[in-house]
Amino acid sequence: MATIVPLTDAVADLVRDGDVVAVEGTPALIPYAAAHEVIRLRRKDLTLVRMSVDVLGDQLVGAGCARRLVFSWAGGPGEGALHRIQDALGHGWPAPLEIEEHSHAGMAARYVAGASGLPFGVLRGYAGTDLPQYTASVRTVRCPFTGEELAAVSALNPDVAIVHARRADRSGNVLLDGPGGVCKEAVLAAHRSLVTVEEIVDDLGPATGATVLPSFAITAVAHAPGGAAPSGAAGPHDREDDSHRAWDEVSRDRARFGRWLEGIRTP
Amino acid sequence: MTTLDRPPTSSGPWTADEMVTVAAARTLRSGQACIAADGLPARAADLARRLHAPDLLRIDGSGRIGDLGTVGAPELHAYWIQSGRIDVGLLSGAQIDVFGNLNTTVLGDYAEPDVRLPGAGSAPEIAASCREIVVVMRHRLRAFVERVDFVTALGFGTGQLDRALLGMRGGGPRRVITDLGVLEPDPATSELALTAVHPGVGVEQVRAETGWTLEVSDDLLVTDPPTPHELATLRSLVTGSPEWQGR
C-alpha cells in the first residue's frame, strides 16, 4: 500500500545516490517539484531514465545529480538545444555525462518488459539504423516460430520511478490523466515509486477515460499542488508556460544557471 | 531544428517555407492515416486537413489518434506504428542522403560530435513500418549529403535491396519535398533524383544545394504555385493555432 508522505521525506527516502531513476510525464504533468527536491537533496551519480529529455533533464544534469542519461529524444522547448546537457557531454561540466540512446519504441518496449516481469522486450525496430552499434541494450533475437530476426531490448527496472498525476484518494490510489506516455509502465517497472499529485480527495470520482494505478502498486504518494509547473497540469496536452520557454536563456550560461540553482536550493 | 539561413527562394508572394508546406500538404489524401514529426511535417499535415483532406487521420507522437482519443507510448508504437497501419509517415532531419536515410542524432563522430541533435524519437520505427514516407525539409547543402553521419531512420540504406533484406514492411521514402523541389527514388537504383522544381527554381540551384551528383528526371515537372486559398489557409493556421508555436 502506498503511504501518503510529505514530498521532501518521500524523495529523501526513495531516491538514493547512484540510483537508476525514471522520471516520466510529457509534455505536461512533468514532476518538477519532485525533481527539484532531488536537486535540493544534492543526490548524485544518478542514472536518469526519461524518454523525452527536456528542461527537467537539463536541470538535473546541470545540477550535477546525473552521471548517465538513458533516453530516446532530448531537446529544449521550441526545438532548442539543452545547453546544460550539451555542456556536460562536450566539456564534462559540472561532471561528465554518459548516454544510452534508444528510440521511443525501444524505450516503451523496455518499460513494458520491466513492468511485465520479462527480461527483454521485442520489437520491429532499430533495423538498419546506427543506434545498436552504440547502445548495448539493443540486440537481436530470432523468433522461434518464424525464424525472423527482431530487435531485443533489455528490460528497464529502475530503482525508483517518479511521475505526477492529477489526484489520489486517501488510500493512495492514483488517477492518471489518460493513458498518454509511459507513466503507468514506469511505475509498474520500478522497484520503488513516487507519485506526486495535485490533490488528495476522498473519492477519485468517475474514471472514464483515465487510468487508475492501485495503491498496492505504488510506494509513496506526495501531495504537491502545482508540482508539474512550469509544465501544464490541466491535462496531458496542456501547454507549458512562458517560463518554460525562457529556460533557454538560463541554461545557455553557466553563471546564470548557477543563480537559478541557488534559488532552487534556498527556497 | 534549423533556421532559415538565407533569404527564402521565392518567385511569388510566398516564402520558401510556405512553398514546401503547401507542396507537402498536396501529397496527402483524405482517408489516409498519417503520423507527422514536429515542425514542417506536422504543419503540412494540418494544412492538408484544412484544404482537401478533412478526413486525413492525424496520429501524433503524444499518442493522439485523430480526435478519437489518446493511447500510451507502448500502444502507439506497437499497435499503430509497428503494425504497419499508418499510410504515411512525414519525417524531417538535419541530414538526408542519396538513399533517403535520415539523421537526427549527431553531426560528426558519435563519440565526439560537432553537433549533438535531439535523437531518434519515433522516427526509426515510423521509417521502418509506415506504408510510405514523405520527407519534408529545407534544401541546403549541409543537409543534403552523400552519406549521413549517422543513420537514425532508414531510407534505402546502402541501396535497393537493403529494406527487403532487413525484413521491413514499409515502403520507405516515396518523395522528399523541399523548399526547392521534389526528389523521388529512381526505381532502378533507389537513389533520390529530382522530379520537380518549384516555380522560379532552376535545376542548377538545386544541384548547388545537393551534396551528391543529382540525377534529373527526363520529365521534370514544375510545381503549381501556391494558390491564394492555400496561402490564406496556411497563414491562418500558423497565426491562429498555438500548436505551431512549440512542441
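In helix α2 of chain B, the residues B:Leu40, B:Pro41, B:Ala42, B:Ala44, B:Ala45, B:Asp46, B:Leu47 and B:Ala48 are buried. The model described here is predicted. Across all chains it contains 27 salt bridges.

- Helix α2 of chain B is mostly covered, since eight of its 11 residues are buried.
- B:Arg49 is placed in this helix, which spans residues 40–50.
- The C-alpha atoms of B:Arg49 and B:Thr213 are separated by 36 Å, and the two residues are 164 residues apart along the chain.
- Helix α5 of chain A covers residues 104–116 and has 13 residues. From its first C-alpha to its last it reaches 18 Å, close to the 18 Å expected at 1.5 Å a residue.
- α5(A) is also mostly covered, with 10 of its 13 residues buried. Among them are A:His104, A:Met107, A:Arg110 and A:Tyr111.
- A:Gly117 follows α5(A) and has a positive phi, near 70°.

- Side chains of opposite charge can pair when their charged atoms come close.
- B:Glu230 and B:Arg26 form a salt bridge in which the closest N and O atoms are 2.8 Å apart. B:Glu230 belongs to helix α7 and B:Arg26 to helix α1 of chain B, so the pair ties together parts that are 204 residues apart in sequence.
- Within this pair, B:Glu230 is buried at 10% relative accessibility, whereas B:Arg26 is partly exposed at 22%.
- B:Asp97 forms a salt bridge with B:Arg147, with the closest N and O atoms 3.5 Å apart. B:Asp97 lies in strand β4 and B:Arg147 in the loop between β9 and α5 of chain B, so parts that are 50 residues apart in sequence are tied together.
- The relative accessibility of B:Asp97 is 0%, and the residue counts as buried; B:Arg147 is partly exposed, with a value of 42%.
- B:Glu204 and B:Arg207 meet in a salt bridge of 3.3 Å, N to O. Both lie in helix α6 of chain B, three residues apart, about one turn of the helix.
- B:Glu204 is exposed, with a relative accessible area of 53%, and B:Arg207 is partly exposed at 35%.
- In chain A, salt bridges that share partners join A:Arg68, A:Glu98, A:Glu100 and A:Arg110 into one network.

**A charged surface patch**

- B:Asp109, B:Glu112, B:Asp114 and B:Asp149 form a negative surface patch.
- One of these residues, B:Asp114, is found in strand β7 of chain B and counts as exposed at 66% relative accessibility.

**Backbone features**

- Most residues other than glycine have a negative phi, and most peptide bonds are trans.
- The peptide bond from A:Thr26 to A:Pro27 is cis, with omega near 5°. A:Pro27 is found in the loop between β2 and α2 of chain A.
- A:Trp93 and A:Pro94 are also joined by a cis peptide bond, with omega about 0°. A:Pro94 is placed in the loop between α4 and β7 of chain A.
- A:Asp45 is not a glycine, yet its phi is positive, about 60°. This residue is in the loop between α2 and β3 of chain A and is partly exposed at 36% relative accessible area.
- B:Ser190, likewise a residue other than glycine, has a positive phi near 70°. B:Ser190 lies in the loop between β11 and β12 of chain B and is buried at 4% relative accessibility.

Technical notes: Residues are numbered from 1 along each chain as its sequence is written. Chains are lettered from A and ligands numbered from 1 in the order in which they are written. This is a predicted model: local features need pLDDT of at least 70, side-chain atom pairs count only at pLDDT 80 or more; totals for chains, interfaces and linings use all residues. Side-chain values use heavy atoms; hydrogens and water are left out. Patches are made of residues with over 30% relative accessible area and no salt bridge: like charges are joined within 9 Å, nonpolar side chains (Val, Leu, Ile, Met, Phe, Trp, Tyr) within 5 Å. Accessible areas come from the Shrake-Rupley method with a 1.4 Å probe; for residues, only the protein chains shown count as cover. A salt bridge is a side-chain nitrogen of Lys or Arg within 4 Å of a carboxyl oxygen of Asp or Glu. Lys and Arg count as positive and Asp and Glu as negative; His and the chain ends are not counted. The place of a charge is taken as NZ of Lys, CZ of Arg, CG of Asp or CD of Glu. Helices (H or I, at least four residues) and strands (E, at least two) are DSSP runs, numbered from the N terminus. Buried means under 20% relative accessible area, exposed over 50%, partly exposed in between (1.4 Å probe, protein chains only). The expected span of a helix is 1.5 Å times one less than its number of residues.
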